[in-house]
Structures are given as C-alpha cells and as structure tokens.
2 protein chains.
Amino acid sequence: MPKLWNETIEEHRKAVREAVMDATATLVAHHGLAAVTMSRIAEDTGIGRATLYKYFPDVQAIILAWHERQILRHLEQLAEVRERTVGGAADRLGAVLGAYALILHDHEPTVDTAALHRGEHVGRAQHQLTGFVTDLIAEGVGRGELRDDIAADELARYCLHALTAATGLPTRDGVQRLVQVTVDGLRRR
Amino acid sequence: MPKLWNETIEEHRKAVREAVMDATATLVAHHGLAAVTMSRIAEDTGIGRATLYKYFPDVQAIILAWHERQILRHLEQLAEVRERTVGGAADRLGAVLGAYALILHDHEPTVDTAALHRGEHVGRAQHQLTGFVTDLIAEGVGRGELRDDIAADELARYCLHALTAATGLPTRDGVQRLVQVTVDGLRRR
C-alpha cells in the first residue's frame, strides 16, 4: 500500500534533519564545535545551502538541535540500562548511575560546550533525569533496599551532584568507585 | 616602646585595605556587586579617590580582593569548626562538611558572582579545601571510623561535589540531611 503523501513528506524532513545532525556529530567529534558551519554541513550532507537554511536559520540552531538529540539519546541509554539490569532496585540504580557517571566522564565540557550546557533544553533534561532517578530510588525504598528517612527526590539530587565529580576523574575505575560510594550513601543502615 | 616606622606604615596600609574590603562587603550585601564603584568606596570609607587608586587600580581589583578575603574567612571558619568539635573523626568531618554546605547554601552564586567563581583564587581555595577534607577523612580512616577501600582524596572529591546540591535546597534542614547522606557514603560497611 503506498504511503500517504503527508507521511512521505514528514519522513523526508526527518531524514534531512537526521543527516544534518549526523554530519554535525561527526564534525564535532573530529574538529570541535567551531568546525560546524552552514557551508561545511551543506557540503558533507550533499544538501543544498538554500534547502539547509529552510531547515535551520543558522549554525547555532543546528548545534542546539544536535546537542538536544545527544542529550535525549543519553536519557534513552539510561532507560535501556534500567531495563536490562537484572537484580534488585539498588542494582538497577547502581547500573543507571554508573552509566550516567561514565557519560559525564567521557563528555567533559569544554569552553565551547559550557555555554550550550546553560541552555534551556539541558535544564529540561536535567529535570527529567532527576525524575527518573527519583523513581528508581523510590522503588528501592519500597522494596526495603534503600534508606527511607530522607525523601527520594532529595536523595536523587544528592546522587546527581555527587556524580559530577566523575568529570575530573582520570580513570574509569575511579568513576566506578565514585558510583559505589554514592550508592552506599543511599543504603539502609 | 614606639613602633618601628616600617611596622606603622605596614599597619596603616593594612588598615586602609581592610576598610575598603569592609565597605565593599557592606555594599555587596545591601545592593549587589554592581553597586561597588571607586567613587562609592571612596565616599563610604572617607579615603580620597587618589589614595584609593594607589591601593587598587580599578573596581575589579577591589572586588577580587574582597572575594578572596571572604573565601579565606570561610576556610578559617571551617578550620575553627574542626578544632572545636568534640567526638570522633567522623563527627569532626560531619561538622566541617555541615558548615561548608551551609556556606554554599547561604551564598548562592548569582549571575554577578558566577564569573568571580571562575577566578584563579577560587581554584586555589578549592584545592586547599580538598586537602583539608582529605586530611579529615584520612584521620577517620586511621581510626577505623571510615571506609578504607577507596583513597581519601577520592572520597574528599566525592563529598565536595555531593555537597554542591546544598546550593539549590530550600531549607537548612534539607542541607543537614544532605550532609548526613554524604557522610554515610564514607562509613565503613
């Protein structure tokens, strides 16, 4: 059955946006944010400059969209870790926090990206992440695995702040130790 | 016995600097950083503008000196808390971290002060603070009160990052709970 015209248009638009995001990701990974320009993206994707400008008014819009997609992917990645981890709620929490700490460790902000991280989309993602971790902690409290003397959302904020120490750690082993100490703070005594 | 000339000069200079810092502190507390100007400081201290410029080339130099003094005072305050806390090493650590978390809570950075906090003097103070907390933790480990499976300096970094959550907490009770969870992460299991 042929697709409806609207669906095809929508899919095409989505494909163009994805191609632009992919080209941006590759450019940023190899040459940093400053390398992203409208001409370079047009060249790398084979999309005409005029068309590109219909999708994104300027390079800032491209970078923002790419960054937003990257953050959403990280959130999806954490949701997957939660799903596939076997064991108790504390194990799931440890696995999710471990994955989050590695994301922080591997994506150390630079002068370039520090400004991006003050963006509104980052605030929204941070809010979503806090909710996600709060739910995991509440589950652990409900099963008697984690401390119940402090509200789950306060504990979630504690975790996420503690894990920001991952950014400056020299090794991934250090990140694992940080996660361990952080989760130990949540255990029932 | 009359003081030596050099000593008197040195004391006078120190007194002028202190007067400028005190006037700055009062201005910042009541009207924010933007209220600090060379004229206003000259007026509030009664120091002539020409003299003031001999001590500080511009208003940025005054603000930096004031901020540096404030941070040093906070470090001194933490050292005092350590000295006067009775009990074991874990109690001393809890008291010091509690005082530090309250400083973070009470001095929430504004748009103004965020730039100041990226200054070199803040980096130095942070380094000193990490050393101070590392020593406290090492003492607790030595006495068998705290976990010894992770190096004291890694644990100190964990603590200081976890406590940055104090900045956004609505109440001082919340700050105390945060300190409790953070210190619980350090205990021997």
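**A friendly note on the two chains**

1. Chain A and chain B bury about 2000 Å² between them, with 55% of that on carbon and sulfur atoms; buried area is the accessible area (1.4 Å probe) that two parts lose on being put together, summed over both. In chain A, the residues losing the most area to chain B are Y158(A), V181(A) and R189(A), together 28% of what that side buries.

2. Before going on, keep in mind that this is a predicted model, where local features need pLDDT of at least 70, side-chain atom pairs count only at pLDDT 80 or more, and totals for chains, interfaces and linings use all residues. Residues are numbered from 1 along each chain as its sequence is written, chains are lettered from A and ligands numbered from 1 in the order in which they are written, and side-chain values use heavy atoms, leaving out hydrogens and water.

3. How do the copies sit together?

4. Contact (heavy atoms within 4.5 Å) links 25 residues of chain A with 25 residues of chain B. Of the interface residues of chain A, 100% are also interface residues in chain B, so the copies meet through the same surface.

5. Four salt bridges are found across the interface of chain A and chain B, each a side-chain nitrogen of Lys or Arg within 4 Å of a carboxyl oxygen of Asp or Glu. The side chains of D184(B) and R147(A) form a salt bridge at 2.8 Å, N to O.
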